[in-house]
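Subject: A structure for you to look at

Hi,

Here is the structure I promised to pass on. Have a look at it first, and then read on for what turned up in it.

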Amino acid sequence: MDYKSGLIQDGNPMENLEKQLICPICLEMFTKPVVILPCQHNLCRKCANDIFQAANPYWTNRGGSMSMSGGRFRCPSCRHEVIMDRHGVYGLQRNLLVENIIDIYKQECSSRPLQKGSHPMCKEHEDEKINIYCLTCEVPTCSMCKVFGAHKACEVAPLQNVFQGQKTELSNCISMLVAGNDRVQTIITQLEDSCRVTKENSHQVKETLSQKFDVLYAILDEKKSELLQRITQEQEEKLSFIEALIQQYQEQLDKSTKLVETAIQSLDEPGGATFLLSAKQLIKSIVEASKGCQLGKIEPGFENMDYFTLDLEYIADTLRAIDFGTDEEEEEFIEEEDQKEEESAEGKEEGHQ
């Protein structure tokens with residue numbers, strides 16, 4: 001209903017219909033066979049084959065050996081990507097309805113007389129139709145202008161010949177441009193794929209790098225806890241020993257203090273008999289207490305903890321030297337480290353001997 005009403009509202013329905021039957025590639029009325037694309041737009045099969053060949057230059061045409069793989073091109077009307085099988089454009093469905101409409105339209109046009117104004121007229125000779133083309137001035141004109149007018153000294157050619165030539169040239173330019181656009185679109189798609197793959201690869205190597213550093217952090221934390229535990233254990237053993245000595249000396253001090261108090265009280269005894277009864281045992285206890293003062297002791301430097309010092313400079317240098325490298329460089333580095341460890345172990349064994 002909408003299509004029909006549009007034709008009625010138009011001043012020239014046949015002219016409007018002709019516009020609907022123009023191929024977007026050659027800009028002429030569709031030439032049979034007419035093929036319909038998956039996007040429902042129509043093309044002359046020859047035009048479709050031209051842009052398909054331009055977009056897929058390595059695809060063998062129908063005259064040669066058939067390619068086992070298909071190709072793709074973009075609809076010139078809507079830019080929808082059309083994917084072809086190994087038959088190429090010959091695998092597209094023909095639009096018989098459009099072909100029938102073209103036949104009816106041509107029959108209708110041939111049965112109608114040429115209306116005045118349907119053909120451009122010469123401005124200099126109003127009754128003359130423009131029917132030749134001035135090659136010198138590159139403008140269409142009429143026969144009277146060639147014989148008596150401004151173009152009588154110019155080189156001219158039949159209008160239809162120039163018309164067909166320029167239409168063919170324009171169609172070729174359109175095909176080239178469409179094919180170029182397809183190639184540009186292909187490049188854009190490839191670049192977008194490269195961006196996506198680059199992001200995915202970057203994310204993957206970042207995750208791998210973070211995992212490796214997390215392992216290093218865990219090893220360092222574990223080693224730190226181990227070494228701190230050893231220091232704490234040594235500290236507790238030394239403090240226990242010192243505190244035990246303090247306890248022994250404190251007990252000795254308390255015992256000696258009591259003996260001193262007892263001895264002073266004995267000295268205050270006025271009677272010799274009473275004093276002598278306890279003096280001998282008291283003197284013996286004091287002598288024994290004096291000998292007991294030689295309890296355990298700590299050696300000089302006992303409290304020193306310097307032997308827990310670590311030289312981590314070479315490890316720090318190794319960490320600072322961490323960088324991205326090939327697997328071969330990593331293997332060489334590991335081999336060098338193993339060799340250094342072996343040489344160090346051999347040196348220690350020789351020192352013990």
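Let's start at a hairpin: β3 and β4 have 6 residues between them, and Arg79 takes a positive phi near 65° there. Strand β4 covers residues 81-84, and its pairing with β3 is antiparallel over 4 bridges; two strands pair if DSSP finds at least two bridges between them. Across from Ile83 in β4 stands Arg72.

Some background before we go on. This is a predicted model, in which local features need pLDDT of at least 70 and side-chain atom pairs count only at pLDDT 80 or more, while totals for chains, interfaces and linings use all residues. Residues are numbered from 1 along each chain as its sequence is written, and side-chain values use heavy atoms, with hydrogens and water left out.

Taken as a whole, the protein has 9 helices and 8 strands (DSSP runs, numbered from the N terminus: H or I of at least four residues for helices, E of at least two for strands). Of its 353 residues, 19% count as buried, where buried means under 20% relative accessible area, exposed over 50% and partly exposed in between, with a 1.4 Å probe and protein chains only.

Now to the rings. How many aromatic pairs does a search of the whole structure find? There are 4, counting rings of Phe, Tyr and Trp (its six-membered ring) with centres within 6.5 Å; planes under 30 degrees apart are stacked, over 60 edge-to-face and the rest tilted. Phe52 and Phe73 are an edge-to-face pair, because their planes meet at 75°, with the centres 6.0 Å apart. Phe52 belongs to helix α3 (residues 45-55) and Phe73 to strand β3 (residues 71-74), so this pair ties together parts 21 residues apart in sequence. Both Phe52 and Phe73 are buried.

Another pair, Tyr307 and Phe308, is tilted, at 4.7 Å between centres and 40° between planes. Tyr307 is partly exposed at 49% relative accessible area, and Phe308 is partly exposed at 22%.

Finally, find Glu99 in helix α4 (residues 96-111). Is Glu99 buried or exposed? With 4% relative accessibility, Glu99 counts as buried. Its side chain makes a polar contact of 2.8 Å with the side chain of Arg94 (N or O atoms within 3.5 Å; within protein, one must be able to donate a hydrogen and the other to accept it, and residues adjacent in sequence count only if both atoms are side-chain atoms).

Enjoy exploring!
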